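Student: Can we walk through this model together? I have a few quick questions.

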Amino acid sequence: MAFSLCSTKTLLFLLLISAIPIAFIISMELAKPPTHVYQYHSPGFFRECAKWDDLNRRFLVSFMEGGIGEIAVPEDHGSSLEEAVLKEVTVVKDPDLTGNSSLGIVVDRPRNRLLVAISDVLGNNYNALAAYDLSTWDRLFLTKLGGSDNEKSFADDVAVDAEGNAYVTDAKSNKIWKVGADGKFVSSIRNPLFIAKVWYKNLVGLNGIVYHPDGFLIVIHTFSGMLYKIDIAKEDHEVKLIKVAGGSLAFGDGLELLSPTKLVVAGNPSGRLVESSDRWETASVVAKFKGPAHRLATAATVKDGRVYLNHMLGMGYPKKKHALVEAVFSI
């Protein structure tokens, strides 16, 4: 008998197959989380990055649809057995950036500002770095970031050094833009080490980036898992490949320093803890954390010495419930 896509049996089979992942997601959502979770309601499904603003007791989150939100955490939050779901409030919705995504963010505390990587996610035709005052949310500057002729780029994440210079990763063309503290474009950092040998591993390249207090950058290449140390004190911005033992960092996304010797890598799996005892010439994956995989961990932040992972996907309708999950690492 000929197989028919419109037969009753076929439709029932397809319905059954589609129900399996839905049932898995529902079971994951209903399960009691093994670690502490900050949950918050939001009008949007996708939140790319979250950073803790300790001075103002709030998480700041970036919107894939463009914009920045804050989630205030009251002093007494968590004092009851059942924590209230927090609320996201939009603080930045920049009309000049309509149609672009707000991606990586970093709190520049000495200058009381938030730096935001901006990108046209679908077309890769527009990239910028924006700075906003943390008190008034006035825009301080908007710097357009370009590349070589006809070069597609994707501004993904941002770090800031002690002098206020910003460094923005390009996940598409594997370079780093440098922008001065005044918002003026300075230069692009390129190096052959940034290019993976296998072509498909460059589909998502340089991504998470952090500034180390000893004066260098640490950057991850997402699809290959390569980790780099970039000495920005040297005129040629010396780039070294950090030799990582103990496991792969492939599909690593956002980075956060837990201490000068400890680095958190968010991604797939949810989180990995990496340590170095030689100023990041070499490093080792020493522990992992498995969180809600269906929500996709994309960034890490530290609140009161505890690591929280931002998860991109919100669940529910019309209100979307997002989760900032504490990462407790185990060997």
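Tutor: What follows is a short chat about a predicted model.

Student: Start with charges. How many salt bridges does the count come to?

Tutor: The count comes to 22 salt bridges.

Student: Pick one. Which side chain does E88 meet in a salt bridge?

Tutor: R47. The side chains of E88 and R47 meet at 2.8 Å, N to O. E88 lies in strand β5 (residues 86-92) and R47 in strand β2, so this pair ties together parts 41 residues apart in sequence.

Student: Is E88 buried or exposed? And what about R47: buried or exposed?

Tutor: E88 is buried, with a relative accessible area of 6%. R47 is buried too, at 0%. The cut-off for buried is under 20% relative accessible area.

Student: Staying with E88, how far is its C-alpha atom from that of K321?

Tutor: The two C-alpha atoms are separated by 9.9 Å. Along the chain, E88 and K321 are 233 residues apart.

Student: Another pair, please. What does E75 form a salt bridge with?

Tutor: E75 pairs with R57. Their closest N and O atoms are 4.0 Å apart. This pair links distant parts of the chain, 18 residues apart. E75 sits in the loop between β4 (68-72) and β5, while R57 sits in the loop between β2 and β3 (58-63).

Student: Why does E75 count as exposed? And R57, how accessible?

Tutor: E75 counts as exposed because its relative accessible area is 68%, and the cut-off is over 50%. R57 is partly exposed, at 22% relative accessibility.

Student: What about R139 and D94: what do their side chains meet in?

Tutor: A salt bridge, 2.9 Å from N to O. This one links distant parts of the chain as well, 45 residues apart. R139 is in strand β9 (residues 139-144), and D94 is in the loop between β5 and β6 (101-108). R139 is partly exposed at 35% relative accessibility, whereas D94 is buried at 15%.

Student: Which residues do salt bridges with shared partners join into one network?

Tutor: D53, D54, R58, E70 and R109.

Student: New topic: cavities. How many of 30 Å³ or more does a search of the whole structure find?

Tutor: One. The largest cavity has a volume of about 70 Å³.

Student: Which residues are the closest to its centre?

Tutor: C49, D157, G254, T298 and A299, out of 13 lining residues.

Student: Which strands each supply at least two residues of that lining?

Tutor: There are β2 (47-53), β10 (155-160), β18 (252-259) and β22 (297-303). R47, the partner of E88, is in β2 as well.

Student: How do the lining residues divide by type?

Tutor: Four are nonpolar, four are polar and five are charged.

Student: Where is R279? And where is W280 found?

Tutor: R279 lies in the loop between β20 (271-275) and β21. W280 is found in the loop between β20 and β21.

Student: So how does R279 count on accessibility? And is W280 buried or exposed?

Tutor: R279 counts as partly exposed, at 45%. W280 is buried, with a relative accessible area of 1%.

Student: And T282, which strand does it lie in?

Tutor: T282 lies in β21 (residues 282-289). It is partly exposed at 34%.

Student: Last one: the surface. Which residues make the nonpolar patch?

Tutor: V198, W199, Y200 and L203 make a nonpolar surface patch of about 450 Å².

Student: Where is the place of Y200, and how does it count on accessibility?

Tutor: Y200 is in the loop between β13 (185-189) and β14 (206-212). At 41% relative accessibility, Y200 counts as partly exposed. Patch residues need over 30%, so Y200 clears that cut-off.

Note on methods: Residues numbered from 1 in each chain as written. Predicted model: local features only at pLDDT ≥ 70, side-chain atom pairs only at ≥ 80, totals over all residues. Heavy atoms only, no water. Patch = residues over 30% accessible without salt bridge, like charges linked within 9 Å, V, L, I, M, F, W, Y side chains within 5 Å. Areas by Shrake-Rupley, 256 points an atom, 1.4 Å probe, with all protein chains shown as cover. Helix = DSSP H or I, 4+ residues; strand = E, 2+ residues; numbered from the N terminus. Buried < 20%, exposed > 50% of the residue type's maximum accessible area, 1.4 Å probe, protein only. 1 Å grid on protein atoms, 1.4 Å probe; cavity = no way out; pocket = protein on both sides within 12 Å on 5 of 7 lines; lining within 4 Å. Points joined across faces, edges and corners; volume = space filled by probe spheres on them. Nonpolar A, V, L, I, M, F, W, Y, C, P; charged D, E, K, R; others polar.
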